Amino acid sequence: MRKRFLAATGLLAMAAGVGLAAGAGQGQGDAPAADAASAPWHNPVIRQKPLSLAAQVGQKLFFDHDMSGSRKISCATCHDPNFAYGPPNNLAAQLGGQAMTQRGVRAVPSLRYKDKTPPYSDLLDNPDAISVPGPGGGFDWDGRAANHADQAQGPLLDPVEMANASAAEVVAKVKAADYAPLFRQAFGEHALDDTAAAFRDLTAALQAFQLEDISFRPYNSKFDMYTSNKKGGQLTIAELRGLKVFADPNTGNCASCHYQGAGFRGSSALFTDFSYEAIGVPRNDLHATAPGANHNDIPANDKDAGRFDMGLCGPQRPDHKLEEDGAPSHFCGMFKAPTLRNVALRQAFFHNGVIHTLEQAIRFYNTRDTNPELWYPTSGGKVLKPGDPGYDPAYPSYGLITVQYAKGTGHVEKYNDLPRRYWANIDTQMPLDGRAAGSTPPMSEQDVHDLICFLNTLTDDYRPGAAPTAAQKACID
């Protein structure tokens, strides 16, 4: 398994200066438009160029509900531009299918900042130019799609997503659409005559839209203003402390997987190095779903206790076998490290959406090993009730598990969504360094608070001078 030793000096140097900035709001855009004058984003540097004909077709397709079998959802339903082209809700897996009653098996990722994503490789050179090559690149949580066009094919034909029966059905809908003449103008008079060629052009159009429309990569967060030394982009003391936690290999160490860029002012960091890691995320089934949690479990996990999503080992990509040369595959359980840009807008985290707030995600990283009982179910333990000896009224409420068990009873079922034979694949980098249960977590409460403050600076459409939100007020010092 690849280990990275990131030279974080550049990031730490960025955090060396401490200053205060006026709080600022974080707006949310509407549907993207080709006309720069009507664009919802605020970016004084990047201007929207006119979209090509192919990209204009892709824009039509992206927002067309008729492209689904139910005719009730479009690409934008799950990849909402108001939520950084991610899901607009906290569902672990979105609804789809012909009757809109089926749910998938993975959380929906954002489509922003994907333009520099390389195709998947088992031995991809790491962008930091320091770490050894390892699994990296590709689209989807398991990298099975090589580019935007390949990625678009999956949802269109998946029976639990857009649920079209075939490529021919999708092409027939385009033929009947009011933008069919635009499609022919972009790809040729007879572009819709051959189904296979038309379907390729259709996905190419979706790719062109995502590559040309700058709403997919606006680079207009507070962090971008800070790195480019723009007025109003000065980070607060708390945000600068959070940047240090982000880069520090002895505390947050987020930069080891979630940074790609020169690390100095003027860089446009992607906040992912395209790598894959196994981190032992808790299983998302009924045991991890709090009462009234809006069906945030993965139904497939409830139906089959023996079902495991193995990431690079499938079930959705078949090229990595569960066993290699008579030994457990070192790829099993690994998922792609997503970009952390706009992470504060997300409401479902990790590939299975088991975590639902940014704070909860950070606290999982911080206490997975020191307090595993907060994240994984306990079997055979004696449940404590208020008033019982040993019951702690200040017991943490941020975990997936809030039931308390008497000390010395029960067994915490750690790494309960990965078969034991693959546990050697689990990453041991800080803060997930395997330290003993009951020991001190790597990050202090102040570190957690400050890291959240910094990650909020990665939200797009930052507008200096706007009234600060409550979260921004909490990050002033």
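The largest nonpolar core has 51 residues, and Phe246, Phe271 and Leu455 touch the most other members. By nonpolar core I mean buried Ala, Val, Leu, Ile, Met, Phe, Trp, Tyr and Cys residues joined through side-chain atoms within 4.5 Å, with buried meaning under 20% relative accessible area for a 1.4 Å probe, protein chains only. Helix 13 gives the most, five residues. Helices here are DSSP runs of H or I with at least four residues, strands are E runs of at least two, and numbering starts at the N terminus.

This is a predicted model; local features need pLDDT of at least 70, side-chain atom pairs count only at pLDDT 80 or more, and totals for chains, interfaces and linings use all residues. Residues are numbered from 1 along each chain as its sequence is written, and side-chain values use heavy atoms, without hydrogens and water.

Back to Leu455. Beyond its neighbours within four places in sequence, Leu455 is in contact (heavy atoms within 4.5 Å) with Phe246, Leu340, Val343, Leu358 and Ile362.

Now the whole chain. It has 14 helices and 12 strands. Of its 477 residues, 54% are buried. Among contacts with a separation of 6 or more, 71% join residues 24 or more positions apart.

How values were computed
Buried means under 20% relative accessible area, exposed over 50%, partly exposed in between (1.4 Å probe, protein chains only).
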